[in-house]
Amino acid sequence: MACNVELLSKIAAGDGHGENSSYFDGWKAYDMDSFDLHHNPKGVIQMGLAENQMSLDLIEEWSMNHPEASICTVHGASHFKRIANFQDYHGLPEFRQAMAKFMGQVRGGKATFDPDRILMSGGATGAQDTLAFCLANPGEAYLVPTPYYPAFDRDCCWRSGVKLLPIECHSSNDFTLTKEALVAAYDDARSKGIRVKGILITNPSNPLGTIMDRGTLAMLATFATDHRVHLICDEIYAGTVFAQPEFVSIAEVIERDVPGCNKDLIHIVYSLSKDFGFPGFRVGVIYSYNDAVVACARKMSSFGLVSSQTQYFLAKMLSDEEFMGRFLRESARRLAARHERFTSGLREVGIGCLRGNAGLFSWMDLRGMLHEKTPQAELELWRVIIHKVKLNVSPGTSFHCSEPGWFRVCHANMDDETMEVALDRIRRFVRQHQHQKAKAERWAAMGQLRLSMPRRGGAAASHLALSSPMALLSPQSPMVHAAS
């Protein structure tokens, strides 16, 4: 290791990527023992990956009905030379136009977007990385409401050297961001000599599955203007809203609600990875109202361009406004049905989730299953769920949640049969826990009753031992497994 430190850069020799977190550890457990309904039915089910597989059949059908959208078919081969030779980092004009149009459509037509401000990147990861280089210097910071997406620590910090400082949010108000919490985080950073360059939000929220209301967005835009800090809005889940209230984009708010906002400070990150289930296409978008950021990010996009073949295909599909409208409606219907089935299944055993209306996941509340309210106890429970229940769920600590016991559970990345298997595993685990807890309480009550009786010989000591909670744990207890 000492040789590597001398030979390599600090980035290469360090561990700033964040891959050693529990968030990524769960993926590794899944990779080593992946569930398959027929070939490995006792394997780990992947519930830690926010992937949308609910409506890919609609995309497949459109693709088969529109072979001209691919330059690798007889119907599209006439465009092969033009597309294969295209390498302008501005992007295909038809792609930028289609993307701008679709971004307006997915936001209900309440915001418009200029194709000349559409900047490409290799997914939302590349978009955040590029923006960090454009907006801040090493050691400067973004403020981020908690809980937040664990990979932001990689996307925004690993290469750029930007810091992420938490704005603490709590379950008492459903983790809603307040101005008081924002001001406290800002003042705390300044008191430590850290320059705050931006506020980073995800709307709809990952991991909460909730949307940010118009008033909160207006407050953020006003705060950004008053304090001359950037507001970066990651709207990657904009097309996954499946119930009221409807999604409100920062693009709409700065036009209608905060006319005095300094638009040079507003930036939107978007991608097709979540709304469509296209993470493999690596299509990320930066939309900035700042001309200097647009110019710089466009030059930097040469490090992470989207394939011209992918641009061509998506330009065709996104331009089909009728299909896009039908896709968004059907996707919302399916996501709503899946969300209801999953959360209602949890309610059968008394497990609740934060009430959400967007995203590909639920924020599951297992606080009642912790033996103590600490991050360590949460991770112990998580290890049991991973290794014994065989479900890769993501613990709240990996999302920087300050309240132990919350878990993000993804349920849009699997078919109906797999989800039912996952639900059955969770319910059996919870029922076992409830049974053991009730048994322990009965033994404790019996022990207390016996202790209150007159002592006879040395019996009291044995009764006291039986009343100890640790003595009552069976070999199947989560506490025993987690401690090992």
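This is a predicted model: local features need pLDDT of at least 70, side-chain atom pairs count only at pLDDT 80 or more; totals for chains, interfaces and linings use all residues.
Start by selecting methionine 120, which sits in strand S2 (residues 118–122); helices (H or I, at least four residues) and strands (E, at least two) are DSSP runs, numbered from the N terminus. This methionine 120 is buried, its relative accessible area being 3%. For the terms used here, buried means under 20% relative accessible area, exposed over 50%, and partly exposed in between (1.4 Å probe, protein chains only).

Residues are numbered from 1 along each chain as its sequence is written, and side-chain values use heavy atoms, with hydrogens and water left out.

**Rings**

Stay on tyrosine 270 and bring up arginine 107. The charged end of arginine 107 sits over the ring of tyrosine 270, 4.9 Å from the ring centre. A charge counts as sitting over a ring if NZ of Lys or CZ of Arg is within 6 Å of the ring centre and within 35 degrees of the ring normal.

Next, show the aromatic side chains. The structure holds 18 aromatic pairs. Rings of Phe, Tyr and Trp (its six-membered ring) pair if their centres lie within 6.5 Å; planes under 30 degrees apart count as stacked, over 60 as edge-to-face and the rest as tilted. Select tyrosine 149 and phenylalanine 152: their ring centres are 5.3 Å apart and their planes meet at 80°, so this pair is edge-to-face. Phenylalanine 152 is buried, at 2% relative accessibility.

For a stacked pair, move to phenylalanine 276 and phenylalanine 278, with 5.5 Å centre to centre and 15° between the planes. Are these two buried or exposed? Phenylalanine 276 is buried, with a relative accessible area of 1%, and phenylalanine 278 counts as buried at 7%. Now widen the selection to Trp62, Phe102, Phe276, Phe278, Phe281, Phe313, Phe323 and Phe327, which ring pairs link into a cluster.

**Salt bridges**

Side chains of opposite charge can pair when their charged atoms come close. How many salt bridges does the structure hold? There are 28 salt bridges, each being a side-chain nitrogen of Lys or Arg within 4 Å of a carboxyl oxygen of Asp or Glu.

Select aspartate 129 and arginine 159, whose side chains meet in a salt bridge at 2.3 Å, N to O. Aspartate 129 lies in helix H7 (residues 123–135) and arginine 159 in the loop between helix H8 (152–158) and strand S4 (163–167), so the pair ties together parts that are 30 residues apart in sequence. Aspartate 129 is buried at 10% relative accessible area, whereas arginine 159 is partly exposed at 47%.

Go on to glutamate 348 and arginine 427, a salt bridge with its closest N and O atoms 3.2 Å apart. Here the link is between distant parts of the chain, 79 residues apart: glutamate 348 is in the loop between helix H14 (321–347) and strand S9 (352–353), and arginine 427 is in helix H16 (residues 416–451). Arginine 427 is buried, with a relative accessible area of 10%.

A search of the whole structure finds one cavity of 30 Å³ or more. On a 1 Å grid over the protein atoms alone, a cavity is a set of points where a 1.4 Å probe fits but cannot get out, and a pocket is an open set with protein on both sides within 12 Å along at least five of seven lines; lining residues have an atom within 4 Å of a point. Grid points are joined across faces, edges and corners, and a volume is the space filled by probe spheres set on the points.

The largest cavity holds about 60 Å³ of space. Select its lining: Met364, Leu366, Ile385, Val389, Leu391, Val393, Ile426, Phe429 and Val430. Helix H15 (375–389) and H16 are the elements that give two or more residues to this lining.

Finish at the largest pocket, with about 590 Å³ of space. Of the 31 residues that line this pocket, the closest to its centre are Asp174, Thr176, Thr210, Ile211 and Met212.
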